[in-house]
Amino acid sequence: MNLSRKWLSEFVDIQASDREYDEIMTIAGQKVETTTRLDEALKNVKVGKVLSIVRHENSDHMWVCQIDVGEEAPVQIVTGAQNVHEGDLVPAALHNSWLADGTHITKGKLRGVASNGMLCSIQELGLTKNDCPDACEDGIWILNDEGCTVGQDINEVIGNDDSIVEFEITNNRPDCYSLIGLARETAAAFNVPLKLHEPVVKGGGPGVLPELLDVETPDPDLCLRYTARMVRNVKIGPSPKWMRQRLRAAGIRPINNIVDITNYVMVEYGQPMHAFDYRYVKGGKIIVRRAGQDKTLTTLDGSVRNLTPDMLVIADETRPVGLAGVMGGENSEIVADTADVVFESANFDGTSIRKTALALGMRTEASAKFEKNIDPMLTLPAVNRACELVELLGAGQVLDGVIDVINYVPEPVELPLEPEKINALLGTEIPEADMIEYLRREQIEVKDGRIQVPSWRPDLRRMEIPTTLMRGATTRGGYSESQKLENKAGAAARALGYNEIITYSFVSPTGLDLIRVPAEDPRRNQVKILNPLGEDTSVMRTTALPSMLDILARNYAHHNKSAKLYELAKIYLPVEGEVLPYEPKRLMLGSYGGGDFFTLKGAVEAILAAVNAQKPVFTPEKTDPSFHPGRCAAVTVGGKRIGLLGQIHPLVAKNYDMDCEIYAAELDFTALLTVLAPEKTFKALPRFPATTRDLALVCDEAVTVGQLEDTIARAGGKLLRSVKLFDIYRGVGILPGKKSVAFSLVFRAEDRTLTDADIEPAMDRILKALETEQNAIRR
Amino acid sequence: MKEQLEQIKARALQALKEAKESSELEALRVSLLGKKGELTAVLKSMGKLSAEERPVMGQLANSVRASIEERLEQRKKELAAAALEAKLEAEAVDVTIPGEAPVLGHKHPMNIALDEAKEIFIGMGFQILEGPEVELADYNFTKLNTEEGHPARDWSDTFYLKEDSSVLLRTQTSPMQVRAMEAIKEPPIRILAPGRVFRKDEVDATHSPMFHQIEGLVIDKGITMADLKGTLETLVKSLYGEDSVVRFRPHHFPFTEPSCEVDVQCFKCHGAGCPTCKGEGWIELLGAGMVHPKVLEGCGIDPNVYSGFAFGIGLERMAMRRFQISDLRLIFENDVRFLEQF
C-alpha cells in the first residue's frame, strides 16, 4: 500500500520528517518498506516567463528566448518548439538541472548561440497526457492556467512536493489498505486527532431510482452486500488537477472524472468501486450471479476471458457486464458520451474473488482488496463519497436514494478487557486505564469493561486472550541420538576430505533412467507432486544417487579437476496403507578426479567406525545397473544390507556427460542406526608381547581376500588377534589363474608370553582349513 | 718424578684441548690412562720411591690423573655438542616450503550457520527435533489456525501430493509445533526444529522452491512475551555480538497472537541506512509470537493453564548474511570452489 504524505495530511496533522514517520509507524506495527520523495528526480527546473522570443539567426526552426526565472537577470534559452509565445509561463530546466528520466541539462551552444538550459514538455517532467489533459502533446507545456508563479520549483506545480510511503500491510489488517485506515493508524501512533469526514450528497437528480434500477443477488454466499447509486446527465471530462495529482501520487493513472472518482474513493476508503454506463445495463437490472452457462466476457482491457461456472459475474438481463470484484466489462465501460452512470460499491466473498483472479491471471487493485475480506460496512459511505465528489466536480446529477442489498451483517463483537491476563501473557504491568487509552486512539471503545470491536478490525474479531498462571520447570536440551551420529558421520566425512552438499528433495523422474534403474524396481514408486514447478522437480526422490551425480556432473562441467562430496539426504518412500511416506536418510559419498574403489571403501569403513557401527561385511555386487559390475560391493552391517558402494557404471557416467571414473556410495543411514556396536568401554592394555607370523598363500583367482580372511579368523582360535593383508602377487613363480596372497597374523595371550608351542597348533589349524575350504596352500 | 708428572699433565691437557674427534680422545685416553699408558707407567714405578716420598707422589699422581680424566670428560661433551650442532645444521629445512596438510572437507555454509544456532539454543535447554517434510495439510495449515480458503493454501503457492489438498510438502517448519505438542503432551516443551520447507517460487537470486527454516517452540506455565524477548535477544546477541541492537516490531501470523518480527540494527551502518540493510537501518531476522490459544487447544493443551511462544528463522538468509553470500542459487549449486571457501 502506497501512501501520499500530502494526501494523508487531509486526515491527520503531523510534523514528523519522513524518517521519523517511518520509524514510529514501523514500531506501531505498520512496517514501512521504503519512502520515496517524488521530487527526487526533477532538479532545478523552474517556472519561467518568456520575456522575448526571436528567431535563431542560423536556424529556420529554432527560437532564442529570454526567460525570467525570478533571478536578477533573464536566462537565455534556445528552443526548437513552435508553441511558445511572449508572456507564456513555461517549465525551464536551468543550467545543471535534471529531468525526470535522469537526463542532466547543462549550458551549451546551439548553432553558435548560447543556451543556458531547456524548455520542457510534459514528458520531460515525467508526466503524461493523462496527468495533464490540457497540455500540448508535442510542444512545450504552457503553464499559464496552472496557477503558478515565476521562479517557482516545478515540483510544487505538478504535485511532486510529496513523499510516497510504501507500507507492508499484514493480511489480518485489510482496513490498512486504505488512506483512512492508515490515517487512523497514524493518528493512534502519534496520538493526534483523526479528522474524518461524513460524505454529504445533495441528490435531487431526475428520476426515481427504484424505477430505473433493480439489483438481484441470487448467490448471496458470494455477494455479501451490493450498494448502488445512480448519476444522470454526466459530463465526461478530465478531473481537476488536485484529484489527478493525488491519483498520480497513489500510482494510479487518471482517465476521466467518473473513473477517477471510483479510483479516488478506492484509495481513500479501501472500497473498490465500479462505474457502469447505464444504457448498456439491459432491462435496468443488475444481477450478481455465478457465471453458469456464460463462457466468456471481454473485460475493460480488451481481453476475452474464459469463465468457469463458479466465477461471480455482474450481469444484466441478457449477459455478463463485469467480472465481480476483478474488472468491469468492455460492453458497459464509461466512454466519452456516457450520460447515465451506475456506481457499484459491493462486498464480495474474498476467496471466490481470489480464485477467479488467480484462474484468469488478472490480479487487479480491486481483486487484491476484496481477497483480504474487507469490511462490509464500507459500501455505503464509499458510494456516498463518490456521489459527493460527482457533485463537487459538477460532473452530473445524483439521484436520491440508494439501492442496498445486504446479505450479510457482521454481528457486533464484544471482548472482555482483561488487564491481568494481558499483562500476564506479555510480562508487562500496563494499567487498565492506559489500555483503554491505547484502544481509544485506535478508535476502539471500551464500555463497561468490554471492548467494542469495530467492523473494520477482523483481526480483533478473531482474537482470544489466554491466561497464564505460574512458571514451570525446564526441559533438558540437546541432540537426539540419531542427530549425534549424523554429526559424527559428517565430521568423519569431512576429515576424509569430503565436502558437504545440500540438494533438492524433489527431482526429475528421468534421474532413475539416467542411473539405469529397471522398470520394475521399487524405487520407481515415487511420490508425485501434482502441481510441480516443472518436470525437473516433480517427484520426491527415492534414491539420492541422481542428486549426487547431478552435483558431480555440474562440478565436472565447471572444469573443477576433482570433487569429493557427501550429503545426509532424506528420501521419500511411499508406504502401503499410510498417508505420509517414510522419510529415511541416506549417507551419500561421491567423487571423481582421484582415488579408486579402495579409497572409497576405506572412507566408508572409516565413517562406519566413526558412528560405531558393527563391523561391515563387503560382498561383490555384480548386478546393480548403476555400478561397474566388477567394482561394486554391497555393505552389510549386523546382517542388514545397508547399501552399495563402487565405481559408477560407465554408461551412467556417460548419461551425466562425464568421461572419468566416478565413485559413489549410498548407505541407508537410518538403518545403520539399528546396527550399532555396543558402546565402547576400556579394555586393559596387553601385558604380554604379541607374536607375528607372516603367511603367504597360493590360491585360485576366484577366491577373495575376504573369504581367506574369514577362514583364517575362524580357524585361528582365540589367540589369533588380527589378520592383515599385506601383499597380493601374480607373475613369475605363480601359475596363471592363481595368485599369491600374503597375510600378517598377530597372536597374543592375556596371561603369558606365547611360545612356538602355543602358536604351531593354531597355524596348523589355519593351514588345514585354508586348504580344505579355499583350496589355498602355503607358498 | 714430580717433574715427570707435571710434564705429562701439561702435555695431556694441551693434547686434549687440540683434539677434534672423539676417536682422538679415545686414543689419548689409552695412551695416558690405559694399561700401558704413560701415567700408568709412572704410577707403576712408584714402588721404587721411599716411604716418605710415596704418599706425596701418590697424591700428586692421583690429582694429575683426576684432572686429566675430568678434562677428558669435559672435552668429550664439548665435541658431542659440536657434533650434534653440526648434524642439526645439516638437517635444516626451508620452513617456507608449503606444508603437506591432509585435505579436509568442508561443512556446507548453511549447516555451519544452522549448527551455530543449534548450539545457542541447546545452551538454553532446547531439544532438537525433526519431522516429516511430506506433511498433512491439517498440520501445516488447519491446526495452525490457517483455515481453508487462506491464500497460503492455494495450489499456486503450495506443492500438493493429493488431489483433495490433504497432503503437501510442508511450507513452513511450524507443523513441528503441532507435532511437538501432540508428542510431548505434558509441557514443559522446549524444542528447536530445523528443516526443509517448500514453496512454489521460481529459482532466482533470492528465491528457491526448497529452503530451510528453524522453528522454535516453548510451552510452559507462565511463559510470557518477556520470555520470548529474552530468548530471542540472547540468540541475536550470541550471533551478532553483545552490542547488537534488537528491535521487536508488531506483525501478524495466524498461529501466534500477539505476533512480532525481530530486526537487528544494521551492523554496517548502525542504523543510518546503507546498501546492506537496503537503506532501512535494520535487518529483518525472524518472526515470532505467543502461541495462539486456538493452536494450543487444537493440540490438546489447555490455554487456561499453559502459554508459550514460537519463532521461525529463515536459515538461508541467516547463512547468506553470515558469509555475505550474494546469490541463493550458489547454496544449492554446490560447486566445490564455493563449498571450500567456508
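Good morning. Residues are numbered from 1 along each chain as its sequence is written, and chains are lettered from A and ligands numbered from 1 in the order in which they are written. Because the model is predicted, local features need pLDDT of at least 70 and side-chain atom pairs count only at pLDDT 80 or more, while totals for chains, interfaces and linings use all residues.

Let me begin with confidence. The term pLDDT is the predictor's confidence in each residue, from 0 to 100. For chain A the average is 92, and 98% of the residues score at least 70. Residues 463–476 of chain A stay under 50. The model has 44 contacts beyond four places in sequence for that stretch, a contact being two residues whose C-beta atoms, placed from the backbone, lie within 7 Å. Where pLDDT is low, the predicted coordinates should not be read in detail.

I turn now to the sheets. Helices (H or I, at least four residues) and strands (E, at least two) are DSSP runs, numbered from the N terminus. Two strands pair if DSSP finds at least two bridges between them. In chain A, 7 strands form an open sheet with mixed pairing, in the order 27-30-31-35-34-33-32. Which strands stand at the edges? They are strand 27 (499–500) and strand 32 (616–620) of chain A; each has a single partner strand, so one side of each is left without a neighbour in the sheet. The partner of strand 27 of chain A is strand 30 (residues 563–570) of chain A, joined in the parallel sense over 2 bridges. Within that pair, E500(A) has Y566(A) of strand 30 as its bridge partner.

Helix 16 (residues 545–557) of chain A lies across strand 30, strand 31 (585–592) and strand 35 (662–668) of chain A. Helix 16 runs at about 150° to strand 30 of chain A, where axes are lines fitted to C-alpha atoms, for helices over the stretch in contact, and angles run from 0 to 180 degrees between N-to-C directions.

Another open sheet in chain A has 5 strands, in the order 12-15-18-19-20, again with mixed pairing. Its edge strands are strand 12 (214–216) and strand 20 (327–328) of chain A, each pairing on one side only. Inside it, strand 15 (residues 285–290) and strand 18 (residues 312–315) of chain A run antiparallel and are joined by 4 bridges; R289(A) stands opposite V313(A) there.

Next, consider strand 13 (residues 223–232) of chain A. Is this strand enclosed or open to the outside? Of its 10 residues, 9 are buried, so strand 13 is largely enclosed by the rest of the structure. A residue is buried if 20 or more other C-beta atoms lie within 10 Å of its own, exposed if 12 or fewer, and partly exposed in between, with C-beta atoms placed from the backbone. Strand 13 runs antiparallel to strand 21 (residues 341–348) of chain A, with 8 bridges, and R225(A) faces N347(A). Antiparallel pairing also links strand 13 to strand 23 (residues 403–406) of chain A over 4 bridges, with Y226(A) opposite V405(A).

In chain B, a hairpin joins strand 6 to strand 7 through 2 residues. Strand 6 (residues 246–253) and strand 7 (residues 256–265) of chain B run antiparallel over 7 bridges, and R249(B) is partnered by E261(B).

Now the interface. The contact takes 69 residues from chain A and 66 residues from chain B. On the side of chain A that touches chain B, the largest share, 5 residues, comes from helix 14 of chain A. By class, that side has 30 nonpolar, 26 polar and 13 charged residues. Here Ala, Val, Leu, Ile, Met, Phe, Trp, Tyr, Cys and Pro count as nonpolar, Asp, Glu, Lys and Arg as charged, and the others, Gly among them, as polar.

Finally, the cores. A nonpolar core is a set of buried Ala, Val, Leu, Ile, Met, Phe, Trp, Tyr and Cys residues joined through C-beta atoms within 7 Å. The largest one has 127 residues, and those with the most contacts inside it include M548(A), L552(A) and A288(B). Helix 16 of chain A gives the most to this core, with 7 residues. A second, separate core of 80 residues includes M1(A), Y226(A), I258(A) and V321(A). Thank you.
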